[in-house]
Amino acid sequence: MKLADHLRDVLGPGAVFEATEDVIMYEYDYGLDRAMPDLVALPRSTAEVQAIVRAAQAAGVPIVARGAGTGISGGAVPSRGGLIVSLARMNRILEIDAANRCAVVQPGVINLDLSKVAEPYGLFFAPDPSSQKASTIGGNIANNAGGPHCLSLGVTVNHILGVEMVLHDGSAVRFGGKTPEALGLDLTGVIVGSEGTLGVVTEATVRLMPLPEAVRTAVALFGSVEAASAAVSDLISRGVVPSALEMMDRLAISAVEAAFQAGYPPEAGAVLLVEVDGLVEQVDGQAAVVDQVCRAAGALDIRLAATADERARLWAARKGAASAMGRIAPNYYLHDAVVPRTRLPEILAHVVEIGQRHDLPIANLFHAGDGNLHPMILFDVRQPGILDRVMAAGREILTRCVEAGGTITGEHGVGLEKQAFMPLIFSDDDLDVMARVRSAIDPAANFNPAKILPAPESSHAVATRGQTQQCIPESMWV
Amino acid sequence: MHPREYVGLSVSIPSPADLSQCVHCGLCLQNCPTYLQTGYEAESPRGRIHLIAALNEGRVAANDAYRQHLELCLVCRNCESVCPSGVHFGRIMEAGRAQLYERASLSLGERLFRRLAFRELLPHPIRLRALFGALLVYQRSGLQRLVRASKLLPSALAEAESLLPRLPVPFSPRRDVYPAEGQVRYRVGMFTGCVMPLVYGPVHAATLRVLRHNGCEVHIPRRQVCCGALNVHGGEQEVTRELARENVRAFLGRGLDAIVVNSAGCGAIMKEYGELLASSEALEFARLTRDVTEFLAGIELEPFRRQVRRSVTLQESCHLVHAQRIKDAPRALLAAISGVELRDMAHPDLCCGSAGLYMLTQRDMSTRILDQKMGEVAATGVQTIVTANPGCMMQLQRGVRRAGLAAEVKHVVELVDEGYQAPVDDLQM
């Protein structure tokens, strides 16, 4: 029997799709790469996932698990075709265990929904990627997602206590759980960040954190990114660890203000969004230090969000910032790289120079506290040959970051996008260990094949070329 | 880089500039009622845009599957409200549907339905009035009870029939101009629409009273016709242009300060007349158009005369909150009426599943969305659901019946009107 028919028997109506018109919207995520799946299945339970995996393995079809498709590295793009397993319908919060400060969730639960449900218990889920109003816990686990508040609270791996995962043979295994001290090999830690290459996570036990008693959010306005970066280094060296420390440059601010009118000053060369939280008694003192340090570093102005509403607006704008680039450019390549935070000003000078040399405008968002930068290379794909320049500029930026002691991704994952850059960070021996761990757990390499580890041919380049060809033909443009 | 430029409404090709503005980030997904129901990317804003783009790239066909994905969209435009990239989703979907219906082979029944609704009925006030007159007789004569008991109607028609609320007396203005009470503060036009006077006459009567009481000289031009919104949503743009021209002629040249409309769906398209007709008169018409809540919240209101003791929840009509981006005005009015207690439901800005003809043509999805909405309403425990659009009122009334709630459905302006009624000096005060 055909795989699609078999899956229809198992999953029932409205859960398996194969016609081009029904699956073409699974060829993308938020990144640039695209590839068509052959089939899409939307299971509702672990048992259905097990049945899907068994059938797909028997048919030798690649399996790509997908959450909300908000990732930026092509992780959910089926570069070798095959079957998309969308976990969007497995979106139940199974338990909030307030006493043990944890929750048990299905992988399709939306990140922000979990925090909303936990709020009445005085708790929240700490990883807060900018996509959190749409992205799923399963996707956060796959990419070991970060977010502005990971500066003080750590990334996703620090908040996943245990997982249930369906393996290549259809068995469902469990690692970790509510008990704080896990024994044996830390396979939960291996699974978080594995981008769907080891199996399909079907349940997770996640840590919930107590909501801070008080929060102060300041917006500081600087003449230049260099001045703002100096303030970042000064703050951290003074021992203040803000709960979040975000920076935007002028071009980014212009798009953000066009979209949100949140009150970021458009005349600024850079803004810092600084948040401190803790006990009521602490936060005003910390906010005073922030004020003092920013002014000493040359802040032109600094103000505190007066209300919870104003704070929410500032954050909504910051979290929608990357998507707002659509207002100023038809296409953009959102990069993700990390450097030691003291090297930020120097790297930024390189980014500016690289942009100028390739004649490409680059807007910048930074999780400045972690030294995590998101240069966004703006372009119009209709210009012949521009993608080559965009890719070249991106490569140079990453190379500079690695030379400065940094790395090629902070939180977006490797996916298709960064696999060719892995040798910049890892030796052949390092990569070989990863490959062996991977094949120990997924011997047929059918789960999200050709991701993370460098593939024989660069899938990223192939997919990108594909996109140029598939782009709206010139005659369609007005 | 410059802010992007847009081309106006094309007849039947979605603008490539509009399509390319979507960066497929997915931040719209959780604000899309049909994605929330299905978890299926094809029923999401970003999926639909991708599908329409794919058709125009020659990668997919305008077949049944394509058509179903486009038709399952409510065009509530919630995605527009939350889109950081500023995608004009409504414009894309309207052009996408127009393009689809040019290409797709529709069945005879479908063509007949579209022709009847979009060309033979909605644009013709006299025919509509005759139809609803007959329906009124049908309801009042006992025939309705007979027909329902007989179960003779085909199921689709029976469902459509069940949607119709009990018809009140139609709104039939006797004058072209109604004077203001007291000193004239504003000269306004009142847009009455096609079905609204026949199904929700009392809302029009309340609107007229409230406007006059607040110093408005109210013009109700007889020449005005249907706004054309349903046509555009159904992918029929040409008829809408004709209707728009007629309405522009009916209202301009009277020295009006505003053209007031109490149907959010009508108001949304009326504000787009400028773009639709690209004439200076149409732009002027669009500039003058105000939703009744927007108008009233923007003027100094006469003091209310009595308390309106109601606990209410607000269903923010999509064409008000998303298409027109008016969120605060109805809330400001409700807060101004003494005695009204507003208890928000969990998602007041999420569509109720009405969406014009959608509640007839996509019965199944419409009902799923409605039932979830009624669950949220029930959790508030209110006596009254207020909203700002006739389609929403009709759907919510159906929801109340389905859920067996005791709640009433009112237009916001009806509560304002209640506040202006003579005080009742009974024990309630």
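Here is a quick briefing on this predicted two-chain model, taken topic by topic.

Residues are numbered from 1 along each chain as its sequence is written, while chains are lettered from A and ligands numbered from 1 in the order in which they are written. As the model is predicted, local features need pLDDT of at least 70 and side-chain atom pairs count only at pLDDT 80 or more, but totals for chains, interfaces and linings use all residues.

**Where the chains touch**

- Chain B puts 36 residues in contact with 39 residues of chain A; two residues are in contact if their C-beta atoms, placed from the backbone, lie within 7 Å.
- On the side of chain B that touches chain A, helix H1 (16-20), helix H3 (45-56) and helix H4 (64-71) of chain B each supply at least two residues. Helices (H or I, at least four residues) and strands (E, at least two) are DSSP runs, numbered from the N terminus.
- H3(B) provides the largest share of that side, 6 residues.
- Sorted by class, that side of chain B has 18 nonpolar, 14 polar and 4 charged residues. Here Ala, Val, Leu, Ile, Met, Phe, Trp, Tyr, Cys and Pro count as nonpolar, Asp, Glu, Lys and Arg as charged, and the others, Gly among them, as polar.

**A strand tucked inside chain A**

- Strand S10 (residues 200-207) of chain A is largely enclosed by the rest of the structure, because 8 of its 8 residues are buried. A residue is buried if 20 or more other C-beta atoms lie within 10 Å of its own, exposed if 12 or fewer, and partly exposed in between, with C-beta atoms placed from the backbone.
- S10(A) pairs in the antiparallel sense with strand S6 (residues 102-105) of chain A over 4 bridges, and Ala103(A) stands opposite Val206(A) there. Two strands pair if DSSP finds at least two bridges between them.
- S10(A) also pairs in the antiparallel sense with strand S8 (residues 160-166) of chain A, over 6 bridges; Met165(A) has Val201(A) as its bridge partner.

**An open sheet in chain A**

- In chain A, 4 strands form an open sheet with mixed pairing, in the order S1-S2-S4-S3.
- Its edge strands, S1 (16-17) and S3 (63-66) of chain A, each pair on one side only.
- Strands S2 (residues 39-41) and S4 (residues 83-86) of chain A pair in the parallel sense over 3 bridges, with Leu39(A) opposite Leu83(A).

**The nonpolar core**

- The largest nonpolar core has 268 residues, and those with the most contacts inside it are Ala220(A), Ala231(A), Val271(A) and Leu272(A). Such a core is a set of buried Ala, Val, Leu, Ile, Met, Phe, Trp, Tyr and Cys residues joined through C-beta atoms within 7 Å.
- Helix H8 (residues 225-237) of chain A gives the most to this core, with 7 residues.
- Leaving aside neighbours within four places in sequence, Ala220(A) is in contact with residues including Val274(A), Cys294(A) and Ile302(A).

**Loop residues worth a look**

- Gly196(A) sits in the loop between helix H7 (187-191) and S10 of chain A, and it counts as buried, with 28 C-beta neighbours inside 10 Å.
- Asp359(A) has a positive phi of about 55° although it is not a glycine. Asp359(A) lies in the loop between helix H13 (344-357) and strand S18 (362-367) of chain A, and it counts as exposed, with 10 C-beta neighbours inside 10 Å.
- Ala278(B), also not a glycine, has a positive phi of about 50°. Ala278(B) is exposed, with 11 other C-beta atoms within 10 Å.
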